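This report describes selected helices, strands and residues of one protein model. Please consult the sequence and the structure shown here alongside the text.

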Amino acid sequence: MGAETVEILGLPVQVVTYGETLDIIREWIGSGEPHQLATANPEFMIMAQEDAEFRQALKSADLVVADGAGLLWAARVMGQPLPERVTGSDLLPLIARQAAAEGWTIFLLGAAPGTARQTAEVLQAEHSELRVVNDYSGSPSDEESDGIIELVRQARPDILLVAYGAPAQEKWIARYLHELAVPVVIGVGGAFDHIAGVQRRAPVWVQNLHLEWLFRLVTQPWRWRRQLALPKFAWAVLRSRWQS
């Protein structure tokens, strides 16, 4: 299943909805071949300008979705609007529901010790048929990778959800995608923390106003340096548009 692509700062973002994303995941599982899905936001786009390995990981990903209102704005500026945000935190529960209905198996990897297990318990409480074949905190260090790959290959999940945070998770997935031999591998950032209740997500009304960045800045002031990516992103998009 192909999807139209918008290029934002030289990086691909596919024009898909949540429903279309789930359809693509179903197709990938049916194929049995390994695929990478990335959920990108403006911070990703700015980091990728300065990190060649991260940029290549996003370019080589099989699907990059817009996790961030800034990408919706940028796509409008480029004259190719996106239908909606597809966030990791919202996509994960939808995947769990679909997995329970269709018998897909899931492996949860990353986050702080115990958080993946808490996430699995929350998802299985909501979807009793959901099969979580394993969970492991681990890390994206090369020293741990052989052991993690072995755990994953033994579990043989249909979907591997990786919560190492960007850019580490995307680079790790791209590096080991074929060794993992999992049909669907997705970097989900802080989604485990949100589902497990470890970290509070912005209220829905704040999300609807596209002000999650401000909520994160207030509740996690140590992120202020990362938030500087937002004005840099806006300026880079406008400059790109003017030069095109």
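## Basis of the description

The model is predicted, so local features need pLDDT of at least 70 and side-chain atom pairs count only at pLDDT 80 or more, while totals for chains, interfaces and linings use all residues. Residues are numbered from 1 along each chain as its sequence is written, and side-chain values use heavy atoms, with hydrogens and water left out.

Helices (H or I, at least four residues) and strands (E, at least two) are DSSP runs numbered from the N terminus. Buried denotes under 20% relative accessible area, exposed over 50%, and partly exposed the range in between, with a 1.4 Å probe and protein chains only.

Strand 7 comprises residues 159-163, and five of its five residues are buried. Ile159, Leu161 and Ala163 point one way, whereas Leu160 and Val162 point the other way. In a regular strand the side chains alternate between the two faces of the sheet.

Strand 7 pairs on the basis of bridges (two strands pair if DSSP finds at least two bridges between them). Strand 5 (residues 105-110) runs parallel to strand 7 and is joined to it by five bridges; phenylalanine 107 stands opposite leucine 160 of strand 7. Strand 8 (residues 184-187) is also parallel to strand 7, with four bridges between them, and isoleucine 159 stands opposite valine 184 of strand 8.

Strand 7, helix 8 (residues 168-180) and strand 8 form a right-handed β-α-β unit. A crossover is right-handed if, with the strands pointing away from the viewer, the path from the first strand over the helix to the second runs clockwise.

## Strands 3 and 4

Strand 3 (residues 35-40) and strand 4 run parallel and are joined by four bridges, with threonine 39 opposite valine 65 of strand 4. In strand 4 (residues 63-66), Leu63 and Val65 point one way and Val64 and Ala66 the other, and all are buried.

Helix 5 has 15 residues (88-102), which at 1.5 Å a residue should span 21 Å; the end C-alpha atoms are 20 Å apart, in agreement. The expected span is 1.5 Å times one less than the number of residues. Among the buried residues of helix 5 are Gly88, Leu91, Leu92, Ile95 and Ala99.

Glycine 103 follows helix 5 and has a positive phi, near 80°. Tryptophan 104 lies in the loop between helix 5 and strand 5, and it counts as buried because its relative accessibility is 6%. Its C-alpha atom is separated by 7.8 Å from that of leucine 130, 26 residues apart along the chain.

Axes are lines fitted to C-alpha atoms, for helices over the stretch in contact, and angles run from 0 to 180 degrees between N-to-C directions. Helix 2 (residues 42-50) and helix 3 (residues 52-60) pack at an angle of about 125°, with their axes 6 Å apart. Helix 2 is therefore oblique to helix 3; angles under 35 degrees count as roughly parallel, over 145 as roughly antiparallel, 65 to 115 as roughly perpendicular and the rest as oblique.

The axes of helix 7 and helix 8 come within 10 Å and cross at roughly 40°. Leucine 151 lies in helix 7 (residues 142-155) and, at 27% relative accessibility, counts as partly exposed.
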